[in-house]
Amino acid sequence: MSRSSGRACGDAPGPHDTGGDMTAAVSGRCLQFRVPATAAAVALARGEVAAQLGLWGLPGQTNVAQVAVLAVSELVTNTVRHAATAEAAQVRLGLDAGQLTLAVHDRDPRMPRRVPCPAPEEEGGRGLALVQALAAEAGGQTAVPRDADGLGKTVTVRLPV
């Protein structure tokens, strides 16, 4: 993985050209990276978030780290499976003022929809609801704002640390 300079962590993740590979920029307590919308990207994103949280003193056995790693896995999976027009997912992880923020952005205009009650044999339909429930249980919150141009969205998870 190559590292490059990036935008300030307060900026929402968004589309920018980083080539085809996973690239990352770390600034203070902020990590931003882009992964291709492929199945292999899920493990890459999960590993990168877990490693960075460990560097910030939030090892994998802490509740907030477990929720963040599961959330990035689910959200990148959603981009791979459902964001048909997205070529990549942009991930931002920030730690500031007692709050961990995880945001996953893609450029597919369709908003995620919650499946009211997926059948037990169905493989999908639970990811976003699971992320929302885990965030709420940890005292956090989720949001899914659209991009200003309506051609993408960012799923954001905020967790108290």
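## Close-up views of the predicted model

View 1. Helices (DSSP runs of H or I, at least four residues) and strands (runs of E, at least two residues) are numbered from the N terminus. The model is predicted, and local features therefore need a pLDDT of at least 70 and side-chain atom pairs count only at pLDDT 80 or more, whereas totals for chains, interfaces and linings use all residues. Residues are numbered from 1 along each chain as its sequence is written, and side-chain values use heavy atoms, with hydrogens and water left out.

View 2. Read from the N terminus, the order of the elements is β-β-β-α-α-β-β-α-β-β. Of the 161 residues, 43% count as buried; buried denotes a relative accessible area under 20%, exposed one over 50%, and partly exposed anything in between (1.4 Å probe, protein chains only). A contact joins heavy atoms within 4.5 Å.

**View 3. The largest nonpolar core contains 32 residues.** Such a core is a set of buried Ala, Val, Leu, Ile, Met, Phe, Trp, Tyr and Cys residues joined through side-chain atoms within 4.5 Å. The residues with the most contacts inside this core are Val49, Leu53, Val72, Val76, Leu93, Leu100 and Val157. At least two core residues come from each of β3 (30-36), α1 (40-55), α2 (63-82), β4 (88-96), β5 (99-106), α3 (127-137) and β7 (153-160). Helix α2 gives the most, with nine residues. Which residues does Leu53 touch, not counting those up to four places away in sequence? They are Leu58, Pro59, Ala65, Ala68, Val69, Leu93 and Leu100.

**View 4. Helices α1 and α2 meet with axes that come within 9 Å.** Two packed helices are described by the angle between their axes and the distance between the axes. Axes are lines fitted to C-alpha atoms, for helices over the stretch in contact, and angles run from 0 to 180 degrees between N-to-C directions. The axes of α1 and α2 cross at roughly 155°, and the two helices are therefore roughly antiparallel. Angles over 145 degrees count as roughly antiparallel, those under 35 as roughly parallel, those from 65 to 115 as roughly perpendicular, and the rest as oblique. The crossing of α1 and α2 is right-handed: a crossing has this hand if the near helix is turned clockwise from the far one by less than a right angle, and is left-handed if anticlockwise. From α1, the contact is made by Ala41, Val42, Ala45, Arg46, Val49, Ala50 and Leu53; from α2, by Ala65, Ala68, Val69, Val72, Ser73, Val76 and Thr77. By class, these residues are 11 nonpolar, two polar and one charged. Ala, Val, Leu, Ile, Met, Phe, Trp, Tyr, Cys and Pro count as nonpolar, Asp, Glu, Lys and Arg as charged, and the others, Gly among them, as polar.

**View 5. Helices α2 and α3 cross at roughly 160°.** Their axes come within 9 Å, and α2 and α3 are therefore roughly antiparallel to each other. The crossing of α2 and α3 is left-handed. Val67, Leu70, Ala71, Glu74, Leu75 and Asn78 of α2 face Gly127, Leu128, Leu130, Val131, Leu134 and Ala135 of α3 in this contact. The contact has nine nonpolar, two polar and one charged residues. In α3, the buried residues are Gly127, Leu128, Ala129, Val131 and Ala135; their cover includes α2, β6 (141-143) and β7.

**View 6. Thr79 belongs to helix α2.** Is Thr79 buried or exposed? Thr79 is buried, because its relative accessible area is 4%. Apart from neighbours within four places in sequence, its contacts are Ala37, Ala86, Ala88, Ala89, Val104 and Asp106.

**View 7. Pro36 lies in strand β3, and Ala40 in helix α1.** Pro36 is partly exposed because its relative accessibility is 25%. The C-alpha atom of Pro36 is 8.8 Å from that of Ala86, a residue 50 positions away along the chain. Ala40 is exposed, with a relative accessible area of 53%. The C-alpha atoms of Ala40 and Val80, 40 residues apart along the chain, are separated by 9.5 Å.

**View 8. Ala97 is placed in the loop between β4 and β5.** Its phi is near 50°, a positive value in a residue other than glycine. Ala97 counts as exposed because its relative accessibility is 78%.
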